[in-house]
Structures are given as C-alpha cells and as structure tokens.
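Please read it alongside the sequence and the coordinates.

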Amino acid sequence: MAPSPTPSHSRRLDKKKFTHVSSEEIARGEHMSLAKYKYVDATGSQKIWEVAERCQKPKSTESDSVCALPILRRMLKYDCLVLVKQYRPSMKAFTLEFPAGVVEPQDGTSEVSALRRLNSQTGYTCTGLKQTSPLTASDPVHTSCTTKLVSVEVNGDDLRNLNAQQKFGEGEFYEVVQIPMNDVLQRLNDYSEDGYVVDSRVYAFALGLSMGAQMGARRT
C-alpha cells in the first residue's frame, strides 16, 4: 500500500535516523516498572526518556492487553454499545471503559483473551467475532504497554445472554452500562458532567460514530 501523502508544509521524518539504544530499569513494583530508555533522534543526539513498563508480558501474543468493543443487538430494541463502569484508583474516580484487561498466559490469542474479559466483566457471551486490530499503543507518551482491540457482536436474545452472569475475580467490581448506538456521544458527555472519566478509546469511538453520521447526512 502506498503511504499517505505528506502535506507540503509538514516536516518529513526519516525513520532510519531514530534508534533505540538501551533500556535501564530504575524502579520496580508488583505490576509495573519504571525504565530509562536511551535513543538517538533525527539530529544524531542521544536522549533519555522515562517509560513505564508492564512487569509481566505474555509470550503467546503480540500485545500485553486486549480491549473488547461489544455491540449488543436485540429484537425490537436499539442496538447498544456495552461498557463497564469501575473505580480506578489512578484516576481517583469512576471510569467508563470497554471491557478490557491484561492477556493471561493461558489465553493463547488476543481474541480468546478479549472474549474472556467480555464474559467475566459483563456476563455476555460473544456471538460474532468481527475484527481484530493490529498492535496499538495504549499510551505511547508514558508507557510501552500495547493492546489489541477486538470488535464483537452480542446477540441479546441468545439464551446464554438472556441469563448473563458476571464472573468477578478477587477485588474486581464492574457495573455494566448499555448505551444506545444512536446517542453514544451525548450520553458520554452527560456521564462526564456527572463526574465520570471516559476512557479516551471509548470517546474516540463515539466521535467516530458522530462524525460518520454527519458525513453521511451531508452526502444525502
């Protein structure tokens, strides 16, 4: 595939001039560590960047975490985006997120891990695996953590989903939130005004839905 054109006013970057040199761990906790990365930039200068790393990374998959994007479909009801509400100590607040989590060694693939997280956190069983993203960065400014996004369909009329039950692990607490697909952006704004912190991936998804609807309306 040909690369997307760079506008004339933009600086062009030579990938070959940027090089990772070394990593040095400077602090380590139970789940995360802090490291200093040495790298060379476009000027040939050696620089240092502080990076948070995940202590345990699975060997069976590319990414160290997964994120499920579930759409709930039911007869005679609006299609809904399924999210989870939970308290995040790092934010000192409740958040709205996609069902997500770290890939465990027994998962084997990102898809298996995403469906397991979907089932445990929401109680729903996937009835249609749609698409898996390539490797993506979770927060490329501060961490080396990566994730894959797995879009799934949930048939709410399936017997397994009519009798859905969450399966919490120790210390886990999730509340399922279902938002009609035709009103996702406004509902997220309402939650934000009520003090909830919306995960950036969720909000970007909502913006994409809204922008797509606006572009479609202009064409008609």
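Which residue in E6 is the bridge partner of Lys85? The partner of Lys85 is Leu96. The model is a predicted one, in which local features need pLDDT of at least 70 and side-chain atom pairs count only at pLDDT 80 or more, while totals for chains, interfaces and linings use all residues. Residues are numbered from 1 along each chain as its sequence is written, and side-chain values use heavy atoms, with hydrogens and water left out.

**Overall description**

- The chain contains four helices and 12 strands; these are DSSP runs numbered from the N terminus, with helices (H or I) of at least four residues and strands (E) of at least two.
- Along the principal axes, the C-alpha atoms occupy a box of roughly 60 × 50 × 35 Å.
- Of the 220 residues, 34% count as buried, where buried means under 20% relative accessible area, exposed means over 50%, and partly exposed lies in between (1.4 Å probe, protein chains only).
- Among the contacts in the chain with a separation of 6 or more, 54% come from residues 24 or more positions apart; a contact means heavy atoms within 4.5 Å.
- The accessible surface of the chain is about 14100 Å², and carbon and sulfur atoms contribute 53% of that surface; accessible areas come from the Shrake-Rupley method with a 1.4 Å probe, and for residues only the protein chains shown count as cover.
- There are 28 positive and 26 negative side chains, with the centres of the two sets 6 Å apart.
- In this charge count, Lys and Arg are positive and Asp and Glu are negative, while His and the chain ends are not counted; each charge is placed at NZ of Lys, CZ of Arg, CG of Asp or CD of Glu.

**Strand E5 and its partners**

- Strand E5 (residues 80–88) is mostly covered, with seven of its nine residues buried.
- E5 runs antiparallel to strand E4 (residues 65–73), to which two bridges join it; two strands pair if DSSP finds at least two bridges between them.
- Six residues separate the strands in the hairpin of E4 and E5, where Leu76 adopts a positive phi near 65 degrees.
- E5 also pairs with strand E11 (residues 175–180), in the antiparallel sense and over six bridges; here Leu81 stands opposite Ile179.
- Strand E6 (residues 93–97) is antiparallel to E5 and is joined to E5 by five bridges.
- The hairpin formed by E5 and E6 has four residues between the strands, and Lys92 in the turn has a positive phi of about 55 degrees.

**Strand E10 and its partners**

- Strand E10 (residues 146–155) pairs with E4 in the parallel sense over nine bridges, and Thr147 in E10 is the bridge partner of Ser65.
- Strand E8 (residues 128–132) pairs with E10 in the antiparallel sense over four bridges; Gln131 has Ser151 as its bridge partner in E10.
- Strand E9 (residues 136–137) is joined to E10 by two bridges and runs antiparallel to E10.
- Thr136 has Thr147 in E10 as its bridge partner.

- Arg117 lies in helix H1 (residues 110–122) and counts as buried because its relative accessible area is 10%.
- A polar atom of the Arg117 side chain lies 2.7 Å from the backbone oxygen of Val102.
- Beyond residues up to four places away in sequence, Arg117 touches Val66, Pro99, Ala100, Gly101, Val102, Glu104, Thr122 and Glu172.
- Val51, in strand E3 (residues 46–54), is buried because its relative accessibility is 7%.
- Leaving aside neighbours within four places in sequence, Val51 has contacts that include Leu34, Tyr37 and His142.
- Val51 and Ser133 are 82 residues apart in sequence, and their C-alpha atoms are 24 Å apart in space.
- Lys38 belongs to strand E2 (residues 32–40) and counts as partly exposed because its relative accessibility is 32%.
- Not counting residues up to four places away in sequence, Lys38 touches several residues, among them Thr19, His20, Gln46 and Ile48.
- Lys38 and Ala206 are 168 residues apart along the chain, with a C-alpha separation of 37 Å.

Definitions and conventions. A polar contact is a pair of N or O atoms within 3.5 Å; within protein, one must be able to donate a hydrogen and the other to accept it, and residues adjacent in sequence count only if both atoms are side-chain atoms.
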